[in-house]
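I opened this notebook to record what I looked up in one model. The entries follow the order in which I asked.

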Amino acid sequence: MNATTAPRLSVLDLVPVRTGQTSAQALASSIALARRADDLGYERYWFAEHHNMPAVAASTPPVMIAAALAQTSRIRVGSGGVMLPNHAPLVVAEQFAALEALAPGRVDLGIGRAPGSDPVVTALLRASGPTSDVDRFPEHVQNILALMDPEGARLRLTDGKVYDVHATPAAVAAPTVWLLGSSDYSARLAAELGLPYVFANHFSGAGIDEVLALYRDGYRPSEVHPEPRTFLTVNAVVAPTLAEAEERATPQLRAMARLRTGRPMGRSETVEEALADPLDGLGQQMVQDMRSRWLVGEPETVRAEIARLAGRHGVDEVMVVPVAGTYAGEPLDATPGRVQTLELLAS
């Protein structure tokens, strides 16, 4: 696509939890945001997987996907992503086959290789239920594809008998599987398996050109996906004025700076809390570095930047992470800044 063509827009939601907000309020506001994205014509709405983070309630993508599918009518809903080392492949296949049966043609299964948690939580996950070996990631991705296929998977037992396994008894279709990553590992695997791939540009923009080139150049066409298919993610805050957009971006910029410098994490700050407590030199430098890669500003400016980003990397879709913060007086059961970002981008 050229730099002037408007790409399709999608949404990635981490389900933020801010000062004074309960998990119930945060989840309700995210479902309301999914409904609004559906009304506005967004292509897809994905939920992330993170564990034991005080400012993030996105720990169970299949639960959030089911809730969002029930509240929307058109938009594709999926995971961005299921962190496969935390889960047994059969369980993932069963969950997403059931979601596809509930909302045919509207379900995406984005799969990641990272744990999405700290070492303690990773140990708890492994101690409390079946998980998968990260070193067998390629095998487990292929197993999920086979299990969700309407024909199912065929296992050969030690006695030589063949055993059929289906994620759901009578599937007629399967969710679209995407591999996610911010390095070349998942890009190479997606190319080898003939799967769509998403570069996590919102998390780390380093090496994006090289990774996308590896994916496209090494792509092996599959029956379902004869051509390589990819899009990018980007953090965005849009407001009627640049000043408001900059203010609303401040809480999440500060949170990411604390995360990357190993400082204690808490609930997402309100805009007022963030502005009242300046970071030190190192933290402020990290904020400035990240801000240079985020799209923050008035609608026309950010829409043009998204189109340029899509054109530069040859994609026809961009997934927005709406990271707008909230002012202290705004309702606890809503996220007006995030709603505003989606509305102004789509207008």
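**Entry 1: charges**

How far apart are the mean positions of the positive and negative charges of the protein chain? I found them 1 Å apart, for 30 positive and 40 negative charges. I note here that the model is predicted.

**Entry 2: the chain as a whole**

I counted 12 helices and 11 strands in the protein chain. The radius of gyration is 20 Å, close to the 20 Å that the globule rule gives for 347 residues, so the chain is as compact as a globular protein of that length. Along the principal axes, the C-alpha atoms fill a box of roughly 70 × 45 × 40 Å.

Of the 347 residues, 49% are buried. Among contacts with a separation of 6 or more, 73% are between residues 24 or more positions apart. I put the accessible surface at about 15,400 Å², with 55% of it belonging to carbon and sulfur atoms.

**Entry 3: helix 1**

Does the span of helix 1 agree or disagree with 1.5 Å a residue? Helix 1 takes in residues 23-40, and its 18 residues should span 26 Å. I found its end C-alpha atoms 26 Å apart, which agrees.

Which residues of helix 1 are buried? My list is Ala26, Ser29, Ser30, Ile31, Leu33, Ala34, Ala37 and Asp38. As a reminder to myself, an α-helix has 3.6 residues a turn, so residues three or four places apart point the same way.

I also looked up what covers the buried residues of helix 1. The cover includes three strands, namely strand 1 (8-13), strand 2 (44-47) and strand 11 (317-322). It also includes helix 2 (61-71) and helix 12 (336-346). Just after helix 1, I noted that Gly41 takes a positive phi of about 95°.

**Entry 4: backbone exceptions**

I kept one general point in mind for this entry: most residues other than glycine have a negative phi, and most peptide bonds are trans.

Which peptide bond is cis? I found the bond from Gly80 to Gly81 to be cis, with omega near 0°. Gly81 sits in strand 3, which takes in residues 76-83.

Val15 is not a glycine, yet its phi is positive, about 55°. I placed Val15 in the loop between strand 1 and helix 1. Is Val15 buried or exposed? Its relative accessible area is 0%, and Val15 is therefore buried.

Asn52, also a residue other than glycine, has a positive phi near 55°. I found Asn52 in the loop between strand 2 and helix 2. Its relative accessibility is 62%, so Asn52 counts as exposed.

I located Pro130 in the loop between helix 4 (119-128) and helix 5 (137-148). Pro130 has a relative accessible area of 58% and is exposed. Which residues is Pro130 in contact with, leaving aside its neighbours within four places in sequence? I listed Asn86, His87 and Ala88. From Pro130 to Asn86 the sequence separation is 44 residues, and the C-alpha atoms are 8.0 Å apart.

Arg188 belongs to helix 6, residues 184-193. With a relative accessibility of 45%, Arg188 counts as partly exposed. I took the C-alpha distance from Arg188 to Asn86 as well: 22 Å in space, for 102 residues in sequence.

**Entry 5: Ala200**

Where does Ala200 lie? I found Ala200 in the loop between strand 8 (197-199) and helix 7 (208-217). Its relative accessible area is 16%; as buried means under 20%, Ala200 is buried. Leaving aside neighbours within four places in sequence, I noted contacts of Ala200 with Gly181, Ser182 and Thr233. Ala200 and Gly314 are 114 residues apart in sequence, and their C-alpha atoms are 15 Å apart.

**Entry 6: Ala307**

Ala307 falls in helix 11, residues 299-313. Is Ala307 buried or exposed? I read a relative accessibility of 7%, so Ala307 counts as buried.

Key
Residues numbered from 1 in each chain as written. Predicted model: local features only at pLDDT ≥ 70, side-chain atom pairs only at ≥ 80, totals over all residues. Heavy atoms only, no water. Helix = DSSP H or I, 4+ residues; strand = E, 2+ residues; numbered from the N terminus. Rg over C-alpha atoms; globule rule 2.2 N^0.38 Å. Buried < 20%, exposed > 50% of the residue type's maximum accessible area, 1.4 Å probe, protein only. Contact = heavy atoms within 4.5 Å. Areas by Shrake-Rupley, 256 points an atom, 1.4 Å probe, with all protein chains shown as cover. Lys, Arg positive; Asp, Glu negative; His and termini not counted. Charge placed at Lys NZ, Arg CZ, Asp CG, Glu CD. Expected span 1.5 Å × (residues − 1).
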